[in-house]
Amino acid sequence: MTPPGPVGDRFRRFRERLAAESGGRVDRAPTSADRPNAASGAAATRGPQVESGAAAASAGDHPNGRGTAASSGRGDLTARRSTEAGGRRGRRRGGGEELRVPEAEFTSYYGRPVLKGPVWKWDIAAYLFTGGLAAGSSLLAAGGQLTGRPALRRAGRVTALAAVSASAVFLVKDLGRPAWFHHMLRVAKPTSPMSMGTWILTAYGPAAGVAAIAEAAGVLPRHGLLGLAGRALPPIGHAAGLLAAGTAPALATYTGVLLADTAVPSWHEAYPELPVIFAGSALASGAGVGLLAAPPAQAGPARRMAVAGAALELYGAHRVETRLGLLSEPYRLGRPGRLLRAGRLLTAGGVAGALLGRRSRVVGALSGTALLAASVLTRFGIFYGGVASARDPRYTVVPQRERVEARRTGMDLPADRAVPPAV
């Protein structure tokens with residue numbers, strides 16, 4: 001039995017809406033219950049493809065003339081809306097039209113950052129500086145020892161002992177308990193920068209201490225037991241000074257490896273440059289000690305160290321500010337950017353003064369002070385740049401999406417940021 005007209009009209013409009021939303025396809029074959037009259041049944045039996053125009057024409061056979069125009073208008077409106085929606089979806093897929101959604105804001109649940117930032121404070125940034133200063137001073141002392149410049153040797157050894165002692169204080173302050181440093185010596189793990197750094201400090205500290213104590217041989221009596229100690233200290237100090245100088249490169253660069261081994265985006269991505277920057281900063285700070293303490297006639301090795309250290313430091317700083325793309329921003333903006341720019345200016349000024357004022361003790365002292373201040377600013381700028389990158393979720397999310405998209409599309413990243421293939 002054919003259902004009444006209004007009910008059949010509702011079924012037909014329902015089927016038209018389903019067809020429009022599914023792209024013109026109907027999942028089931030029409031039945032006799034779907035056909036309000038012969039004309040609409042003929043239209044329904046044409047196949048699974050239903051067109052809104054044909055459905056609107058079949059509505060003209062309905063005995064209720066008042067519903068004919070309304071049902072046909074509703075069918076056209078439904079078809080038009082579905083066409084516009086389909087067109088918008090197609091344009092989003094094709095990418096030819098600008099997206100209407102707002103830019104994504106990289107936030108996280110409950111206001112917490114995506115990445116847990118480093119818990120280190122300023123004392124670790126100071127530890128980075130004092131460790132580099134100790135390494136550079138030991139190299140300066142070895143240069144003065146091998147070239148017969150006692151003023152450079154003495155200044156380098158004493159400064160190295162003072163700097164490594166300050167490093168131990170900063171490190172223990174960060175650890176919280178001095179025993180934790182001792183506990184880290186229970187294991188030697190080559191793949192852990194922290195473990196290797198502990199052993200480097202353990203090897204370097206006593207050697208630097210013995211070399212500095214050997215400088216007191218000149219004030220000891222010449223006779224008796226103290227006289228014997230005074231005669232034995234110089235050769236022991238020479239050996240200890242060379243041992244400290246041999247360990248100094250590892251002490252100067254391991255902190256850069258330690259920072260790059262973390263998940264902090266701007267530290268981790270700068271893993272090739274951080275050891276270079278820290279090595280150059282260590283050489284520059286050691287050269288600053290030599291320019292401050294030694295007369296111009298003995299400051300030749302310090303001037304050469306200043307040139308080498310400035311070249312390494314400026315090259316590495318330029319790389320981290322230009323090579324990392326989005327992750328270079330923390331090194332250019334805000335407080336880290338100001339610190340690094342000031343460090344570059346002081347480094348350039350210190351080197352210029354060391355080369356041009358080689359006969360002036362005052363100019364040499366000013367150049368040494370500038371180099372020491374530049375080393376402090378560089379270490380703190382690198383430290384705070386990494387902290388800033390960990391606080392902003394954009395520096396974590398965007399590079400990850402770029403790497404995922406590169407793998408998905410088969411595109412290759414630049415050579416210096418290539419993603420290793422999955423194993």
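I started with Ala252, which sits in helix 9 (helices are DSSP runs of H or I, at least four residues, and strands are runs of E, at least two, numbered from the N terminus). This is a predicted model, where local features need pLDDT of at least 70 and side-chain atom pairs count only at pLDDT 80 or more, while totals for chains, interfaces and linings use all residues. Residues are numbered from 1 along each chain as its sequence is written, and side-chain values use heavy atoms, with hydrogens and water left out.

Is Ala252 buried or exposed? I found Ala252 buried, at a relative accessible area of 5%. My cut-offs are under 20% relative accessible area for buried, over 50% for exposed, and partly exposed in between (1.4 Å probe, protein chains only).

Next I asked what Ala252 touches, not counting residues up to four places away in sequence. The list is Ala135, Phe278, Ala279 and Ala282, with contact meaning heavy atoms within 4.5 Å. I also checked Ser281: its C-alpha is 8.5 Å from that of Ala252, and the two are 29 residues apart in sequence.

**Whole chain**

I counted 16 helices and 0 strands. Of the 423 residues, 43% count as buried. Taking contacts between residues at least 6 apart in sequence, I got 71% joining residues at least 24 apart.

**Nonpolar core**

A nonpolar core here is a set of buried Ala, Val, Leu, Ile, Met, Phe, Trp, Tyr and Cys residues joined through side-chain atoms within 4.5 Å. The largest one holds 68 residues, and Tyr204, Leu251, Trp267, Tyr331 and Ile382 have the most contacts inside it. Among the elements that give two or more residues to this core are helix 8 (193-214), helix 9 (224-260) and helix 15 (361-391). Which helix gives the largest share of this core? That is helix 5, with 10 residues. As background, nonpolar side chains tend to be buried together in soluble globular proteins.

I then followed Ile382. Leaving aside neighbours within four places in sequence, Ile382 is in contact with Leu259, Trp267, Leu274, Ile277, Phe278, Tyr331 and Leu340. Phe278 was already in my notes as a residue that Ala252 touches.

**Salt bridges**

How many salt bridges does the structure hold? I got 10, using a side-chain nitrogen of Lys or Arg within 4 Å of a carboxyl oxygen of Asp or Glu.

Asp123 and Lys173 make one of them, at 3.4 Å from N to O. Asp123 is in helix 5 and Lys173 in helix 6, 50 residues apart, and the pair links distant parts of the chain. Asp123 is buried, with a relative accessible area of 3%, whereas Lys173 is exposed at 52%.

Arg319 and Glu273 make another, with their closest N and O atoms 3.4 Å apart. Arg319 lies in helix 12 and Glu273 in the loop between helix 10 (265-268) and helix 11, so this pair ties together parts that are 46 residues apart in sequence. Arg319 counts as partly exposed at 27% relative accessibility, and Glu273 as buried at 4%.

I also noted Arg394 with Asp392, closest N and O atoms 3.9 Å apart. Arg394 is partly exposed, at 27%, and Asp392 is partly exposed too, at 26%. Finally, Arg153, Arg154, Arg157 and Glu215 are linked in a network of salt bridges.

**Cavities**

I used a 1 Å grid over the protein atoms alone: a cavity is a set of points where a 1.4 Å probe fits but cannot get out, and lining residues have an atom within 4 Å of a point. Points are joined across faces, edges and corners, and a volume is the space filled by probe spheres set on them. The count is 3 cavities of 30 Å³ or more.

The largest cavity has a volume of about 80 Å³. It is lined by 13 residues, with Leu291, Pro296, Arg303, Ser360 and Gly364 nearest its centre. Helix 15 gives the largest share of that lining, 3 residues.

The second largest cavity has about 60 Å³ of space. Arg157, from the salt-bridge network, turns up in its lining, along with residues including Ser138, Gln145 and Gly241. Helix 5 gives the most to this lining, with 4 residues.

Definitions and conventions
On a 1 Å grid over the protein atoms alone, a cavity is a set of points where a 1.4 Å probe fits but cannot get out, and a pocket is an open set with protein on both sides within 12 Å along at least five of seven lines; lining residues have an atom within 4 Å of a point.
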